Amino acid sequence: MQLERILQKHGFGTRKGCRSLIRQERVAVNGAICDDPFADVPTADLVFSVDGVDWAYCEFATVMLHKPAGYECSRKPQHHPGVLDLLPLPLRERGVQPIGRLDEDTTGLLLITDDGQLNHVLSSGKRKVPKVYLATTKHPLDQAQLDQLLGGVLLHDEPEPIAAVAAEAVGPNLLRLTLTEGKYHQVKRMVAATGNRVEALHREAVGGLALPADLQPGEWRWIVAVDLEKLVKTV
Ligand code: URA
C-alpha cells in the first residue's frame, strides 16, 4: 500500500497532509526514514513511526480504556469531557467509537473500536457477551436481593423481567454482578428494583477480557488478537 495511504488510513490527516509529513522526513518505515509518499510498503507486520511514535499497521483499531469517572461516552458529550479525549488524535481521527456505554460516573473497562462489525457483535444482546460489574451499594446486601437479581427483576419499559447471570456479595456492600444485556443504567436500575441503591460502579470485564490490573484510570492499550479471542467468549 502507498505510504501516504497508510498514514491517511491511520488517522494522520488528508492525503495531502500525509504526503507533506512524509516529505518532511517525519515518517519511518520499520525503523528507516522514508521520504517517498508513493513508496509501496508491504503492510504485513508493518511498524511505522511518525515523529518518533511507533504505530503498528492495523486494518481496524480496537483499544481498551480504563474509563475514569467524570467522562461521558456519548458522541457529543455535553456536561463532561468525552472518553475519546483520552485517546491520541490519530486514533480519534480514524473514527473509533465506544462499544456500548458506561455512565459518566462509572469506571472500568471500556472497549473502543472503528470495527463496526465487532461493535455490533459485542453490543448486540443476542450474543450474550457477559459483562462483569462491581457495584458498591448504599445498604448492606442480603440473600433476598441476590435471589431477586438472579431470578429476574422487572424494569420500567421492559416487557419481561431481566435476570443477572451471576450475583454475588463480595463484601457487605459490594456486589459482583454479571449481565449479558447492555440496557440503559441496567445495573443501577436492577439494584434499585431490589430496594437497594448503587453508589459506585466499576466494570471489571467484558467477555473473557478483564481490565488489566496495571492499566490505570485514563490509560488505554491496544487490543491484540489474543484479547479479541477472549472478548468474544460468551456464556
Ligand atoms: N449499568 C449501569 O447502571 N451503568 C453503567 O454505566 C453500566 C451498566
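Two strands pair if DSSP finds at least two bridges between them. Strands (E, at least two residues) and helices (H or I, at least four) are DSSP runs, numbered from the N terminus. By that rule, β9 (residues 166–171) and β10 run antiparallel and are joined by 5 bridges. The model is predicted: local features need pLDDT of at least 70, side-chain atom pairs count only at pLDDT 80 or more, and totals for chains, interfaces and linings use all residues. Residues are numbered from 1 along each chain as its sequence is written, and side-chain values use heavy atoms, with hydrogens and water left out.

**Overall layout**

- The chain holds 7 helices and 13 strands.
- Its C-alpha trace spans about 70 × 35 × 35 Å along the principal axes.
- Of its 235 residues, 43% count as buried. Buried means under 20% relative accessible area, exposed over 50%, and partly exposed in between (1.4 Å probe, protein chains only).
- The chain exposes about 12200 Å², and carbon and sulfur atoms supply 51% of that area. Accessible areas come from the Shrake-Rupley method with a 1.4 Å probe; for residues, only the protein chains shown count as cover.
- Take the contacts (heavy atoms within 4.5 Å) between residues at least 6 apart in sequence: 62% of them join residues at least 24 apart.

**Domains**

- The domain assignment gives domain 1 (3–56), domain 2 (62–125 + 208–232) and domain 3 (130–206). Such bounds come from an automatic or database assignment.
- The centres of domain 1 and domain 3, taken over C-alpha atoms, are separated by 47 Å.

**The four-stranded sheet**

- An open sheet of 4 strands runs in the order β2-β1-β3-β4, with antiparallel pairing.
- Its edge strands are β2 (32–33) and β4 (53–56), each of which pairs on one side only.
- β3 (residues 47–50) pairs with β4 in the antiparallel sense over 4 bridges. Ser-49 has Asp-54 of β4 as its bridge partner.

**Strand β11 and its partners**

- β7 (residues 107–113) and β11 (residues 198–206) pair in the parallel sense over 2 bridges. Gly-108 is bridged to Arg-203 in β11.
- β8 (residues 131–137) runs antiparallel to β11, joined by 7 bridges. Here Lys-131 stands opposite Val-206.
- β12 (residues 209–210) pairs with β11 in the antiparallel sense over 2 bridges. Ala-205 stands opposite Ala-210 of β12.
- β11 and β12 form a hairpin with 2 residues between them. In the turn, Gly-207 has a positive phi of about 55°.

**β9, β10 and Thr-178**

- A hairpin joins β9 to β10 through 2 residues.
- Thr-178 is found in strand β10. It is the bridge partner of Ala-166.
- Thr-178 is buried, because its relative accessible area is 12%.
- Leaving aside neighbours within four places in sequence, Thr-178 is in contact with Pro-130, Lys-131, Val-132, Ala-164, Val-165 and Ala-166.

- Lys-183 is in the loop between β10 (174–179) and α6 (186–193).
- Its relative accessible area of 32% is why Lys-183 counts as partly exposed.
- Not counting residues up to four places away in sequence, Lys-183 touches Glu-158, Ile-162 and Arg-189.
- Lys-183 and Arg-101 are 82 residues apart in sequence, but 9.3 Å apart in space from C-alpha to C-alpha.

**The ligand site**

- Leu-102, Asp-103, Thr-106, Tyr-133, His-185, Gln-186, Val-187, Lys-188 and Leu-201 surround the ligand. A residue is near a molecule or strand if one of its heavy atoms lies within 4 Å of it.
- Polar contacts are pairs of N or O atoms within 3.5 Å; within protein, one atom must be able to donate a hydrogen and the other to accept it, and residues adjacent in sequence count only if both atoms are side-chain atoms.
- A side-chain N or O atom of Thr-106 is 2.8 Å from an oxygen atom of the ligand.
- Gln-186 places a backbone N or O atom 3.4 Å from an oxygen atom of the ligand.
- A polar backbone atom of Val-187 is 3.0 Å from a nitrogen atom of the ligand.
- Taken alone, the ligand exposes 240 Å², and the protein buries 96% of that.
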